[in-house]
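Here is a short report for a reader new to this structure. Take a look at the model first, then read on.

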Amino acid sequence: MTSPALIIGEALIDIVAGDGTHPDRELVGGSPANVAVGLARQGHEITLLTRLGRDDRGARIAEQVTASGALVQDESWTDAATSTALARLRPDGSAAYEFAIDWSIPPADVAGAAAVHTGSIALFLEPGGTAVVDALTRAHGHALVTLDPNIRPALVGSHATALARFEQAARVADLVKLSDEDAEWLYPGAAPEEVLETIAALGPRLVVMTRGEQGALGLGPGGITSVEPLRVEVADTIGAGDAYMASLISSALEHPEIFDDAQAFATALRRAAVMAGITVSRAGANPPTRAEIDRAL
């Protein structure tokens, strides 16, 4: 199956810091780029609008994205250096990041796209952030619009500014996915169900919150739905949320009944949990293929 989708956002190199025994590792990353790869591996027709340097790191990112079956838009290339994120793994496999990123893009052409997705640094960091919101606004009502804030506190500016930008984007989105950490940063002290309801009130028809080992909660047809995670041995959590997002977008494109049917929505949440679980069972942002997910369901 093919469903043309435009993914807008950062692509970078994750430098996973060594621990004294193991050397640093460089892995292709960037939340929107990971979503592009994940969707392409599900069989969708994907174009990524990002910002890549004409250097070895940029070439490596483009090679991985295109090997998955996605396309890198020509306008993504720049003479600036390719962005990086230094990831330091915590004992539980989660990562803390230090970024070196420059983000600016030309106006995105959303005509003909069945879906437009963005989020993470691309939504908040200027000057590109304004262009991203403009693209979502133009796509609203013509394409499936999806959003993952993937908050990076060091890069999103003040809480008030970032919350306003997130809610501006959420108002034109059909589907919003965020993590429990995103929720706590955006709406400190609010219960998960309250956060879902607050975001849904802005306009999205589906809102999903991932919660690590606690699985996920989704607000959609039939109210709140919970789903357990896929139990695996965790290598690291890099790319887990992006894999979850990619699976949700894939389900929404293939099965639009998830917006109206509670059982279809629950099935989509379960499939996303499996895709994320497989991703965390191996190093780096390396989402599974459709066949791998089908075998695990």
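## The largest core

The largest nonpolar core has 51 residues. A nonpolar core here is a set of buried Ala, Val, Leu, Ile, Met, Phe, Trp, Tyr and Cys residues joined through side-chain atoms within 4.5 Å. Buried means under 20% relative accessible area, exposed means over 50%, and partly exposed lies in between (1.4 Å probe, protein chains only). I46, Y244 and L248 have the most contacts inside this core.

Several elements each supply at least two residues of this core, among them β1 (5–8), β4 (46–49), α1 (31–40), β13, α8 (240–254) and α9 (262–280). The largest contribution is from α9, with ten residues. Helices (H or I, at least four residues) and strands (E, at least two) are DSSP runs, numbered from the N terminus.

This is a predicted model: local features need pLDDT of at least 70, side-chain atom pairs count only at pLDDT 80 or more, and totals for chains, interfaces and linings use all residues. Residues are numbered from 1 along each chain as its sequence is written, and side-chain values use heavy atoms, with hydrogens and water left out.

## Y244 and T210

Contact means heavy atoms within 4.5 Å. Leaving aside neighbours within four places in sequence, Y244 is in contact with K177, V208, T210, A216, V227, L269, A272, A273 and A276.

T210 lies in strand β13, residues 206–210. T210 counts as buried because its relative accessibility is 13%. Beyond neighbours within four places in sequence, T210 touches K177, L178, S179, D180, G215, A216 and Y244.

## Helices α8 and α9

α8 and α9 pack at an angle of about 145°, and their axes are 8 Å apart. Axes are lines fitted to C-alpha atoms, for helices over the stretch in contact, and angles run from 0 to 180 degrees between N-to-C directions. On the α8 side, the residues that meet α9 are A240, A243, Y244, A246, S247, L248 and S251. Their partners in α9 include L269, A272, M275 and V280. By class, this contact has twelve nonpolar, three polar and one charged residues. Ala, Val, Leu, Ile, Met, Phe, Trp, Tyr, Cys and Pro count as nonpolar, Asp, Glu, Lys and Arg as charged, and the others, Gly among them, as polar.

A246 lies in helix α8. A246 counts as buried because its relative accessibility is 0%. Leaving aside neighbours within four places in sequence, A246 is in contact with V35, G38, L39 and M275. A246 and M275 are 29 residues apart in sequence and 8.7 Å apart in space, C-alpha to C-alpha.

## Helices α4 and α5

The axes of α4 (residues 128–139) and α5 (residues 159–170) come within 9 Å and cross at roughly 25°. That makes α4 roughly parallel to α5. Angles under 35 degrees count as roughly parallel, over 145 as roughly antiparallel, 65 to 115 as roughly perpendicular and the rest as oblique. G129, T130, V133 and L136 of α4 make the contact with R165, Q168 and A169 of α5. By class, the contact has three nonpolar, three polar and one charged residues.

## An exposed loop residue

P127 sits in the loop between α3 (121–124) and α4. P127 counts as exposed because its relative accessibility is 55%. Leaving aside neighbours within four places in sequence, P127 is in contact with W103 and S104. P127 and G222 are 95 residues apart in sequence and 40 Å apart in space, C-alpha to C-alpha.
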